[in-house]
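The paragraphs below lead through a predicted model. They take its pockets in turn and then turn to a pair of helices.

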Amino acid sequence: MGLFDRLKGDDNPRVAFIGIDGVPFTLLKDNRDEFPNFAALADEGAAGPIDSIVPPESSACWPALTTGVNPGETGVYGFQDREVGSYDTYVPMGRDVQATRLWDRVGENGMDATVMNVPVTFPPQRNVQRMVSGFLSPGVDKAAYPDELRDYLESIDYRIDTNAKLGHKEDKTEFMEDAHETLEKRYEAFSHYISQDDWDLFFGVFMTTDRVNHFLFKDYEQDGENRELFMEFYRKVDECIGNIREALPDDVTLVVASDHGFTSEDYEVHFNEWLEREGWLSYRTDDHESLEDIDEESRAYSLIPGRFYVNLEGREPRGSVPRDEYEAVRDELKAEIEALEGPDGEQVVDRVVEKEEAFRGDHDDIAPDLVAIPAHGFDLKAGFKGNDAVFDTGPRNGMHSFDNATLFVDDPEATVGDADLFDIAPTILDLMEIEYARTDFDGRSLV
């Protein structure tokens, strides 16, 4: 429908969702003078910290946020998932998400959705108004639908992601220049399609925030040499949000959210190295490189981030743990993970979550048996190639956190308190006056 139809009042109210991947709420709350547009959005609407999901990893978080259900229903648990009945792994893509996305619900109600740069959406769906896929897409030429969208994005040199490899350099100048350019192109594209005013749901994600946090967050928290580079970038993010908010028509509610929080990173924890040293994991060859190389003596293995699997008889091809010993073995592993201390005696994990507590649905057959939620400072890795040490440092100084994700709703009637990622989808549908069954979601509406 066109603008004239909207002015007649025949349409439902609309929503513009802007994702700010990995932005912790305290960053915005503690710097109100630096980020006046976020401050105004909080003062005039509702805002607060929310919890992420288990595990707090972007490839699992965005399917959960956009469907309102846990990984047991989406079928996506992380950047790398395990095939059923196999040691083969794969990288989940859009077609691996098994639950109904928000924009599909919008379409089922005869409305249009513009979807831009959401992680885990490649290849782009052809049943929406327009879509350019996000993180892990091979390039704009294959990631954008329809052709008009692809042609426009290519004409402005749109970027799906920043060049994270530049962040590995000690001098962050080139990395930050690339981050600014990526942010600017994303904002230009968002603004172009927001101004067309032909959608009912606009859903776009800035992912460069996550990239900057991974390489500069400790500089922000501990007043490091790159702190001003970090703050300069976020002042631009604030300006983008302010401009988008100002450009939205009166019948559109703005929702801004992140998929997880962020904190400083002190150590990488190589858990498969730890499992091997503690006698839980062994390999068939000395030059092992993947999960397929573990042997029949192994009792457990790990995938990032902090996911642990019992090598169970009848489930894994070379399962060694009898089913009648599963609970006892899992309890033993959980206790050892919880007791693990870092190089300076700190607790490595905040808690360990059992699969039954976190995952429900038709796709829990590939769920991890345990998920370790890290204590701040410990980034949980896996890896099958072997490491010289369990605790190590890498080029990143920032890591994801389960707590302190961000939610802003530009509606004073909304209540952001004791909320989590699952609450966003039903909140958006309520704002759009789209009916749904309360049992469709693991969360609840905040309006």
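The largest pocket holds about 1000 Å³ of space. Its lining is made up of 39 residues, and those closest to the centre are E57, F79, I304, K381 and R396. By class, the lining of the largest pocket contains 19 nonpolar, nine polar and 11 charged residues.

The second largest pocket has a volume of about 210 Å³. Here 13 residues form the lining, with S52, I53, V54, F402 and F422 closest to the centre. At least two lining residues come from β14 (349-354), and at least two from α14 (355-358). Seven residues of this lining are nonpolar, one is polar and five are charged.

The last stop is a pair of helices. Two packed helices are described by the angle between their axes and the distance between the axes. For helix α8 (residues 147-155) and helix α9 (residues 173-196), the axes come within 11 Å and cross at roughly 140°. An angle over 145 degrees would count as roughly antiparallel; α8 and α9 are therefore oblique to each other. The crossing of α8 with α9 is right-handed.

Which residues meet where α8 and α9 are in contact? On the α8 side they are E148, L149, Y152 and L153, and on the α9 side E188, A189, H192 and Y193. Sorted by class, this contact has five nonpolar residues, one polar and two charged.

Methods
Residues are numbered from 1 along each chain as its sequence is written. This is a predicted model: local features need pLDDT of at least 70, side-chain atom pairs count only at pLDDT 80 or more; totals for chains, interfaces and linings use all residues. Side-chain values use heavy atoms; hydrogens and water are left out. On a 1 Å grid over the protein atoms alone, a cavity is a set of points where a 1.4 Å probe fits but cannot get out, and a pocket is an open set with protein on both sides within 12 Å along at least five of seven lines; lining residues have an atom within 4 Å of a point. Grid points are joined across faces, edges and corners, and a volume is the space filled by probe spheres set on the points. Ala, Val, Leu, Ile, Met, Phe, Trp, Tyr, Cys and Pro count as nonpolar, Asp, Glu, Lys and Arg as charged, and the others, Gly among them, as polar. Helices (H or I, at least four residues) and strands (E, at least two) are DSSP runs, numbered from the N terminus. Axes are lines fitted to C-alpha atoms, for helices over the stretch in contact, and angles run from 0 to 180 degrees between N-to-C directions. Angles under 35 degrees count as roughly parallel, over 145 as roughly antiparallel, 65 to 115 as roughly perpendicular and the rest as oblique. A crossing is left-handed if the near helix is turned anticlockwise from the far one by less than a right angle, and right-handed if clockwise. Contact means heavy atoms within 4.5 Å.
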